[in-house]
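Here are my notes for you, point by point. Keep the picture open while you read, and look up each residue as it comes along.

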Amino acid sequence: DTTTTPDTDAQASDTRAGASRTPTPRTYLMCRPEHFTVSYKINPWMEPSNPTDTQKAIDQWQTLYDTYVGLGHTVELIDPVEGLPDMVYTANGGFVIDGTAYGAKFTFEQRQPEGPAFMDWFGHNGFTVARPAEINEGEGDFLFVGGVILAGTGFRSASDSHREVGEIFGREVITLTLTDPSFYHLDTAIAVLDPRDDDANANIAYLPSAFDERSLAILQTRFPDAIIADPRDQQFLGLNSISDGYNVVIAAKAEHFARQLRERGYNPIGVDLSELLLGGGGVKCCTLELRR
Ligand code: ARG
């Protein structure tokens with residue numbers, strides 16, 4: 001059992017990096033999985049012939065919601081839409097920095113109506129909406145770390161969206177190519193551990209086998225202190241996690257990742273999202289950070 005109690009006051013120090021781990025309050029957007037099911041297959045995890053239990057998905061999701069609130073974070077909600085079973089994976093709904101929301105334009109038609117639904121929500125909640133011309137799946141493929149945008153391509157977001165996201169936010173964009181269909185969004189292959197807006201403490205964990213050689217070389221150079229993920233955790237999407245700089249909410253069964261995090265002075269908190277894993281998503285997929 002890797003579940004630990006949320007612990008906001010303790011600040012451990014990382015003996016290796018000498019950095020102190022400081023949690024900072026975040027704001028997240030989530031969507032209650034009231035219409036969750038697996039009725040189509042757009043990634044290798046989905047199997048429409050296997051039954052899903054919507055109530056169980058809701059209960060597990062509620063635990064994730066309660067965990068964030070217990071850690072002192074703010075969670076905002078978008079209304080679920082009937083017929084859009086993947087809307088629970090809000091990470092794909094956009095990418096938000098400094099009050100601007102770059103809207104999503106989904107690869108597969110089954111999810112395409114989610115794009116406008118999220119853009120409406122951003123517009124009504126005080127964000128400047130940047131409408132996308134290029135195919136992109138939001139924070140599923142764009143990760144903000146150390147002031148730069150790590151951008152995934154290969155399965156979902158088109159590389160043209162990497163140029164577009166760079167123009168919108170005026171930030172450096174680093175293109176990373178995914179090669180393993182099971183890790184089809186960048187947030188299934190990289191976890192942002194310390195997303196502060198400066199280079200000093202920015203760090204990640206990643207799964208080397210998910211990337212092509214060019215991308216791997218970039219990751220090794222940019223993040224020499226990264227945690228190298230254990231492949232055994234990835235059957236639970238172990239890297240698909242949310243960090244506030246100290247507390248890291250991860251899949252309950254990702255025990256190797258939990259140990260690696262503890263060694264580095266982070267506080268792993270396990271949450272069981274087994275039902276949502278049937279749709280090919282985990283903790284991070286169910287969470288979109290709202291940076292105002
Ligand atoms: N069923 C969804 C899809 O295939 C899962 C999305 C997972 N989201 C993520 N951020 N990795 O599009």
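1. Let's start with how the pieces are named: helices (H or I, at least four residues) and strands (E, at least two) are DSSP runs, numbered from the N terminus. Counted that way, the protein has six helices and 15 strands. Its radius of gyration (taken over C-alpha atoms) is 17 Å, close to the 19 Å from the globule rule (2.2 Å times the number of residues to the power 0.38) for 292 residues, so the protein is as compact as a globular protein of that length.

2. Two quick reading notes. Residues are numbered from 1 along each chain as its sequence is written. What you are looking at is a predicted model, where local features need pLDDT of at least 70 and side-chain atom pairs count only at pLDDT 80 or more, while totals for chains, interfaces and linings use all residues.

3. Now the overall picture. Along the principal axes, the C-alpha atoms fill a box of roughly 50 × 40 × 35 Å. A residue is called buried if 20 or more other C-beta atoms lie within 10 Å of its own, exposed if 12 or fewer, and partly exposed in between, with C-beta atoms placed from the backbone. Of the 292 residues, 50% count as buried. Two residues are in contact if their C-beta atoms, placed from the backbone, lie within 7 Å. Taking contacts between residues at least 6 apart in sequence, 66% of them join residues at least 24 apart.

4. Have a look at the sheet β6-β7-β8, which is open, has three strands in that order and shows mixed pairing. (Two strands pair if DSSP finds at least two bridges between them.) Its edge strands are β6 and β8 (173–177), each pairing on one side only. On average, neighbouring strands here are turned by 25° against each other, direction ignored. For angles like this, axes are lines fitted to C-alpha atoms, for helices over the stretch in contact, and angles run from 0 to 180 degrees between N-to-C directions.

5. Staying with that sheet, β7 (residues 148–153) and β8 run parallel and are joined by five bridges. You can find Ile149 opposite Val173 in β8. Helix α3 (residues 159–169) packs on this sheet and touches β6, β7 and β8, and its direction makes about 160° with that of β7.

6. Another open sheet has three strands in the order β2-β1-β15, again with mixed pairing. Why is one side of β2 and of β15 left without a neighbour in the sheet? Because β2 (74–77) and β15 (288–289) stand at the edges, each with a single partner strand. Strand β1 (residues 27–30) pairs with β15 in the antiparallel sense over two bridges, and Tyr28 has Glu289 in β15 as its bridge partner.

7. Strand β9 (residues 190–194) is mostly covered, with five of its five residues buried. β9 pairs with β10 (residues 203–206) in the antiparallel sense over four bridges. Within these strands, Asp194 stands opposite Asn203 in β10.

8. Is Glu137 buried or exposed? Glu137 is buried, because 31 other C-beta atoms lie within 10 Å. You'll find Glu137 in the loop between β5 (128–130) and β6 (142–145). Leaving aside neighbours within four places in sequence, Glu137 is in contact with several residues, including Asn92, Arg156 and His185. Phe95 is 42 residues away from Glu137 in sequence, yet the two are 8.5 Å apart in space, C-alpha to C-alpha.

9. Most residues other than glycine have a negative phi. Asp98 has a positive phi, near 50°, and so does Leu237, also near 50°. Asp98 lies in the loop between β3 (94–97) and β4 (100–103) and counts as exposed, with 12 C-beta neighbours inside 10 Å. Leu237 sits in the loop between β11 (227–228) and β12 (242–243), but counts as buried, with 28 such neighbours inside 10 Å.
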